[in-house]
Amino acid sequence: MALGQILVGAALAFLWILIFPHRKRLYFLLTSSVIAVFWFQPGLPIRGLDFWLPFATLAITVATWALTAPAEVRLTRANGVTAAFVVALVLLLGATRYLPAEPLLTAGRPPPLTWLALALAAAGLLAFVAKRGRNPALAMSLTLAALVATLVVLKNPTLAMWADLGLRRLTGQPVTHASIADLQWLGFSYIAFRLMHTIRDRQAGRLPPVDLGEFVTYVVFFPSLVAGPIDRLERFIQDVRGPLPPAQDAVRNGGWRMAIGLFKKFAVADGLALIALNATSAQQVRGAVWAWVLLYAYALRIYFDFSGYTDIAIGLGQWLGVRLPENFDAPYLQPNLTQFWNRWHMTLTQWFRTYVFNPLTRRLRSGARPMPIAATILVTQVVTMLLIGMWHGVTWNFALWGAWHGLGLFAHNRWSDYMRRHDAAPGQSHALHGLRQALGVLLTFNYVALGWVFFALPSPAQSLGFMLKLVGAAG
Amino acid sequence: MNQPTRESRPPVVSMPRLAAKVLILFVAANLVFAAWTPSGLGRLSLYNRLVPGRERLPFGESPQLSYNLSLEDLEAMFASHRISSEQSRPDEYRILVLGDSSVWGALLRPEQTLAAKLADLVPIVCGKRTTVYNLGYPTLSLTKDLLILDRAMRYQPDLVLWPTTLEAFVRENQLASPVVVGNPVYARDVLVRAGLSSPGVGLPTRPSFWAQTFIGRRRALADLIRLQLYGVMWAATGIDQAYPEIYPAAQTDFEADSSFHHESAPPLDETHLAFEVLDAAVRVAGHVPVLVVNEPILISPGTNSQLRYNFYYPRWAFDQFRGLMQQRALASDWEYLDLWNLVPANDFTNTAIHLTRRGESMLAQSLAQSIRARGCR
């Protein structure tokens, strides 16, 4: 999200709570979020793609709702009206193609309305098939698989390039200009995880019944569209259905939170970005001390950038009466890696804990021959962290980053276990406890910072080369 | 949802009052900032403290590649240069090299510039250890060089070396340099002190109130912060310029056009050239000798080269300029060297004045010879 888009979003939210805070709230949230899906999407060189990707976001979201909503909820008149409203909004955005001015709410010129009508018909058919299919369990599993496959394609450079080449051939554009940046699908990582959460909870019988408007708003809620947090549906609808907090409180608290977020993102993080480690500076840097400076700058930059965006999202959410979950809680001040991961990108780790770590642990520890505890912890930590790594990108370096943290978490778990059993001085003095905490914070921060080498650089070879620089073993 | 009780409910804030308070605070902060007039803000610098000073004044059009940026605050520019941290010693002979982008060292690394080469070639002058400072700055304007010279005189130089070229004399270029535009009050002050009031016409005597507020100076403040941050990258990498592997070569083929600015034929109108700025610079330097150099230019071998030496100069204009410089130098007793044709055409890079490493070495050798020859004058 650019600064201008944030400020416009904030201004709209401010006006709305000032003018009619209690009327048609869901429709305001739905309308602004649907428009934001198109407006926030960056321009792409493949013809029409910067319109079709947001369109696909909405189509998949509606189809997933149709798949997961109980029949008695699906068939209400209100949902029909909402569906018609969303279609009308998309058609209106498409109709801006015929305005003489440059497009304001879409990255490029929308496709012709006939194409859009055909696509809407196809999306409607998809939703119809989703809700009328004879085997909804299979449909849900297939949808999950399709979401994962799309994520893999988007996150893997080779697959993304193949997809890009295919799209370029389809649109008759030169393949020589193909680049993995051509497939920038705004917010899809978060959207996919929200959809997967709803499908898995539906499969487990835990998903509360929600209207189409509530569901779409939850998935594409504009403050959290680009960088999270990943809310849970049952919590989100409580806020949407519940009463609004007093406007003054919302303005004061949300405004303060947004101001902090804007400062973190656009003053601190963007300043640190000038000196943060990247592929070019990793090669240029001379001397171990400066290599550490660049690495620390990267560590701080990624925190301030991400947590700044989260603060903005949470503040905007407060203005709109939605208490988005916290995503960061002083992660770099934690005395061990386990606590770091309890406070870094909390909603993502919670997601993985719920849908990967816990089920995998149960699976490995159940049955006639359960896996030993230590082995279970090793497998579950490493698998979970590998998947978290690859959520950021399906490359060797993100896998290494995940493995680095998985092994670190395992080591910490074993160390904690050992200390619990062998610590001879449980009643240690405050000073000693403080010293241990401080050393823990220092060690944890540096372990995390070293892990960022894999995150910041594009290849294992370059990461290794930079690690050698950090220890003064390379020029 | 539980409603807060009367006791626990936070006091209701009046929105208009809150907005009014914020506005008043904002205006007051701007007024205080403007009244305080922190003109020396640019002197607050990480350079020469946490990070080493730069070898040349900050300039960069692609900051993310060059770890360098162009800014207007002369104080900040000097504060980032190593010259501002090094006290003059009795056993030291200080040479300042003024000039344009060819002196600054476009496409050259800091150790390949004229100043660096001179430092290698002339380690001792008059029995003293030589220190050579690169104070060149891109843009062709004698007035810009005069400002830099005036500001640099506090560093007690023993010799000022000033390679320059005809284009820097053109009157309309004098106040167009960003260094002059960005420091109008200082520029006017220098011009008046140097007895040159007319070129300063149009420059304000004092900055407007608006220009002194926090809002008015937001760009300068942002640049100042970015300059400090890029100092870290300068220290970490030693890079202060983007070095493209491929760049367009200096133009050598021309249209059949022999015009120079507003003139199309001899004689060259002296009133269009700011010779008086050169005189003023010599006055500003006081007892410190100034060695003026007509710097090497590209002598093109291409189409219509019988009309033009290069992109900048038709032959007639530059030839007349050389004659005028010779006459003025004799009349004003300047120390003057005419090295215009010292460097062959294939030792220029992307413009008619930017030299290759070899071209820079040739110029440095010639100047080193002159510096040695002039002895301890």
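This is a short tour of a predicted two-chain model, stop by stop. Residues are numbered from 1 along each chain as its sequence is written, and chains are lettered from A in the order in which they are written. Because the model is predicted, local features need pLDDT of at least 70 and side-chain atom pairs count only at pLDDT 80 or more, while totals for chains, interfaces and linings use all residues.

**Stop 1: chain B as a whole**

Select chain B and zoom out. Its C-alpha trace spans about 90 × 50 × 45 Å along the principal axes.

**Stop 2**

Now show the strands. Six of them form an open sheet in the order β2-β3-β1-β4-β5-β6, with mixed pairing; two strands pair if DSSP finds at least two bridges between them. β2 (124-125) and β6 (335-338) of chain B are the edges, each with a single partner strand, so one side of each has no neighbour in the sheet. Pick Ile124(B) and you will see Arg129(B) of β3(B) opposite.

**Stop 3: the nonpolar core**

Next, select Leu294(A), Val97(B), Leu146(B) and Ala281(B), the residues with the most contacts inside the largest nonpolar core, which has 209 residues. Such a core is a set of buried Ala, Val, Leu, Ile, Met, Phe, Trp, Tyr and Cys residues joined through C-beta atoms within 7 Å. α14(A) gives the most to this core, 16 residues. Centre on Leu146(B): its partners include Val190(B), Ala194(B) and Val277(B).

**Stop 4: where the chains meet**

The contact takes 16 residues from chain A and 16 residues from chain B, a contact being two C-beta atoms, placed from the backbone, within 7 Å. On chain A, colour α12 (247-272), α13 (279-284) and α14 (288-319), each of which supplies at least two residues. The largest share, five residues, comes from α12(A).

**Stop 5: a helix pair in chain A**

Finish with α3 (residues 49-68) and α9 (residues 188-203) of chain A, whose axes come within 10 Å and cross at roughly 10°. These helices are therefore roughly parallel, the word for angles under 35 degrees. Among the residues meeting here are Thr57(A) and Ile60(A) from α3(A), and Ile191(A) and Leu195(A) from α9(A).

Methods
Helices (H or I, at least four residues) and strands (E, at least two) are DSSP runs, numbered from the N terminus. Axes are lines fitted to C-alpha atoms, for helices over the stretch in contact, and angles run from 0 to 180 degrees between N-to-C directions. Angles under 35 degrees count as roughly parallel, over 145 as roughly antiparallel, 65 to 115 as roughly perpendicular and the rest as oblique. A residue is buried if 20 or more other C-beta atoms lie within 10 Å of its own, exposed if 12 or fewer, and partly exposed in between; C-beta atoms are placed from the backbone. Lists of a residue's contacts leave out its neighbours within four places in sequence.
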